[in-house]
Amino acid sequence: MKPTLKTSSKVFVAPSLLSCDFSRVREEVGEVERGGCDILHIDIMDGHFVPNLTIGPVVVAWVRKCTKLPLDVHLMIDEPIRHLEAFRKAGADAITVHVEACQDVAKTLGEIKRLGAEVGISLRPKTPVEKIFPFLDGLDLVLVMTVEPGFGGQKFMPEMLEKVKNLRSRFKGKISVDGGIDPETAPRAIEAGANVLVAGTAIFGQRDRAKAIENLRKSR
């Protein structure tokens with residue numbers, strides 16, 4: 001049975017495929033799956049909401065064939081409601097959209113739920129956390145960006161942990177952190193209330209992926 005992303009007391013490790021070697025995606029996915037990760041995080045960028053441009057549903061569908069791990073698809077795209085069905089059909093188990101990117105946030109989140117995926121919302125570092133409070137009751141996860149979205153390898157922004165603390169006092173679901181997460185920053189994020197660690201360079205930038213995943217787990 002494919003694992004779910006439902007809330008638990010466990011801290012999940014989610015390698016970010018943005019940092020993998022796309023010339024050998026099947027091998028990269030296999031290495032982190034055997035290494036004991038829980039989720040695969042897939043960043044989708046459109047060159048408009050963020051300056052970078054990455055992959056689309058076709059690649060997500062190919063990754064889906066490579067693994068039984070849950071796929072957490074993070075849409076950094078304008079008006080994501082236009083593409084939700086395509087990503088769900090491609091194999092996304094969770095879909096996260098940016099509060100800043102939706103003309104109608106409630107409608108967009110409702111459509112994710114209708115499609116049967118877990119419902120996630122994210123916010124840029126400069127966006128006040130209060131902007132997502134009206135939607136918390138309908139969410140499975142909140143993704144707190146600890147760097148500016150759009151590029152991997154950026155420096156962790158510790159001031160974002162106040163958002164995590166604020167959210168954890170109000171939200172019992174999954175709180176994910178993404179950006180500059182490594183064995184040094186992960187314990188601070190967990191202490192603040194995060195329970196999903198999205199890590200790119202800290203995993204795919206290491207030769208031994210299993211050890212890299214273990215090091216994140218031991219950072220608690």
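Modeller: Two strands count as paired if DSSP finds at least two bridges between them. This is a predicted model, and in it Val142 of S6 is the bridge partner of Ile121.

Colleague: What makes S5 and S6 a pair?

Modeller: Strand S5, residues 118–123, is joined to S6 over four bridges, in the parallel sense. The requirement is at least two bridges, so S5 and S6 qualify as paired.

Colleague: How do you know that S6 and S7 pair as well?

Modeller: The same test is applied to the bridges. There are five bridges between S6 and S7, again in the parallel sense. With at least two needed, S6 and S7 therefore pair. On the S7 side, Ile175 stands opposite Val142.

Colleague: Why is S6 called mostly covered?

Modeller: S6 runs over residues 141–145, and five of its five residues are buried. Buried means under 20% relative accessible area.

Colleague: What covers the description on each face of S6?

Modeller: On one side Leu141, Leu143 and Met145 are buried, and on the other Val142 and Val144 are buried. Both faces of S6 are therefore covered.

Colleague: Why is Ser176 called buried?

Modeller: Ser176 has a relative accessibility of 3%. The cut-off is under 20%, so Ser176 counts as buried. Ser176 belongs to strand S7, residues 174–178.

Colleague: Which residues is Ser176 in contact with, leaving aside neighbours within four places in sequence?

Modeller: Ser176 is in contact with Val142, Leu143 and Val144, and also with Val196 and Val198. A contact requires heavy atoms within 4.5 Å.

Colleague: Turn to the protein chain as a whole. How do you know that its radius of gyration agrees with a compact globule?

Modeller: For 220 residues, a compact globule would have a radius of gyration near 17 Å. The protein chain has 16 Å, so the two agree. Along the principal axes, its C-alpha atoms fill a box of roughly 45 × 35 × 35 Å.

Colleague: What share of the residues is buried, and how many helices and strands are there?

Modeller: Buried residues make up 55% of the 220 in the protein chain. The protein chain has eight helices and eight strands.

Colleague: What part of the contacts joins residues at least 24 apart in sequence?

Modeller: Among contacts between residues at least 6 apart in sequence, 65% join residues at least 24 apart.

Methods: Residues numbered from 1 in each chain as written. Predicted model: local features only at pLDDT ≥ 70, side-chain atom pairs only at ≥ 80, totals over all residues. Heavy atoms only, no water. Helix = DSSP H or I, 4+ residues; strand = E, 2+ residues; numbered from the N terminus. Buried < 20%, exposed > 50% of the residue type's maximum accessible area, 1.4 Å probe, protein only. Rg over C-alpha atoms; globule rule 2.2 N^0.38 Å.
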